[in-house]
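Hi,

Here is the structure I promised to pass on. Have a look at it first, and then read my notes below.

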Amino acid sequence: MIVTLDGPAGSGKSTTAWQLASRLGVEMLDTGAMYRGITAKALDRGIDIATEPHAVIELARSSEVRFDWTQQPPRLWVGRRDMTDRLRDHDVTNWVSDVSSMPAIRHVMVKAQRRIASEHPRLVTEGRDQGSVVFPDADAKFYLDASPQVRAKRRADQLRAAGKPVDLDQIREAIILRDRKDAARKDGPLICPEDAQRIDTSDMTSEQVVDFLAQRVRALV
Ligand code: C5P
């Protein structure tokens, strides 16, 4: 059973996917974390992502990206390093769309995601291309959306809760820019698959979203 959740930055996919997977008693795959992991490793190696795309691609090809499923939520390892705590840092967020727009990187990640699904066949997976490219035959597909203002506010609340500095306008601008880059790329763009159910979560609590999705999945699968 594969359930895909796609949608723009800050639409609540990760939290929703995590809660939905727990509710259904299945695993959850955060594909954004995989692109973030490679981006973080490239930055930590001092690779200039803008001018050295080949070095990033080489890194992705030579590094194993894997989740430690024994931890809840699962932790992300790139090679021998647990990168989990680095994934949401500003520099990683700012560069990740440039890394994910490289077709060779997507090729490596899509292959890894399909391998993970073959090892964990009961999966809620979230990202930008899960229903459109990676798992076109998924049992249930959803596209979560919310207005940029609402998404920025949710991100700001998360950062505040983590004790990090917050500038709401800056967060909203960064979200809009990232969506634009993610939607514009040729390979695996951010898109609502034709056969996905689109849900505007602007006026919903996360609990309401999870309740709704769990009900839909149970009716479909
Ligand atoms: O979902 P999250 O914000 O963690 O994703 C980070 C970035 O990873 C996205 O902005 C996008 O560039 C990339 N991504 C992608 N395809 C996916 C998941 C994420 O290109 N399936």
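**What I found**

The shell around the ligand is built from both domains: domain 1 (1–26 + 122–218) and domain 2 (31–121) each put in at least three residues. Before you go further, keep in mind that this is a predicted model.

**The ligand site**

There are 17 residues around the ligand, and the ones that come nearest are R36, S100, R106, D129 and D182. Sorted by class, the shell has nine charged residues, six polar ones and two nonpolar ones.

As for where they come from, three helices each supply at least two residues of the shell: helix 2 (31–44), helix 4 (90–100) and helix 8 (168–184). Helix 2 gives the most, with four residues.

The side chain of R106 has an N or O atom 2.7 Å from an oxygen atom of the ligand. R178 does something along those lines, with a side-chain N or O atom 2.8 Å from a ligand oxygen. D129 goes to a nitrogen atom of the ligand instead, and a polar atom of the D129 side chain lies 2.8 Å from that nitrogen. On its own, the ligand has 460 Å² of accessible area, and the protein covers 99% of that.

**The nonpolar core**

Away from the contacts, I also looked at how the nonpolar side chains group. The largest nonpolar core has 35 residues, and M34, I38, V56, F67 and I105 are the ones that touch the most other members. Elements giving two or more residues to this core are helix 2, helix 3 (53–62), strand 3 (65–68), strand 4 (75–78), helix 4 and helix 5 (103–119). This core also draws on both domains, with at least three residues from domain 1 (1–26 + 122–218) and at least three from domain 2 (31–121).

Last one: is S63 buried or exposed? S63 sits in the loop between helix 3 and strand 3. Its relative accessible area is 10%, which is under the 20% cut-off, so S63 counts as buried. The S63 side chain reaches the backbone oxygen of L59 at 2.6 Å, and it also makes a polar contact with the side chain of K41, at 3.5 Å.

Cheers

Definitions and conventions: Residues numbered from 1 in each chain as written. Predicted model: local features only at pLDDT ≥ 70, side-chain atom pairs only at ≥ 80, totals over all residues. Heavy atoms only, no water. Near = heavy atom within 4 Å. Polar contact = N/O pair within 3.5 Å; in protein donor to acceptor, adjacent residues only side chain to side chain. Areas by Shrake-Rupley, 256 points an atom, 1.4 Å probe, with all protein chains shown as cover. Nonpolar A, V, L, I, M, F, W, Y, C, P; charged D, E, K, R; others polar. Domains from an automatic or database assignment. Core = buried A, V, L, I, M, F, W, Y, C linked by side-chain atoms within 4.5 Å. Buried < 20%, exposed > 50% of the residue type's maximum accessible area, 1.4 Å probe, protein only.
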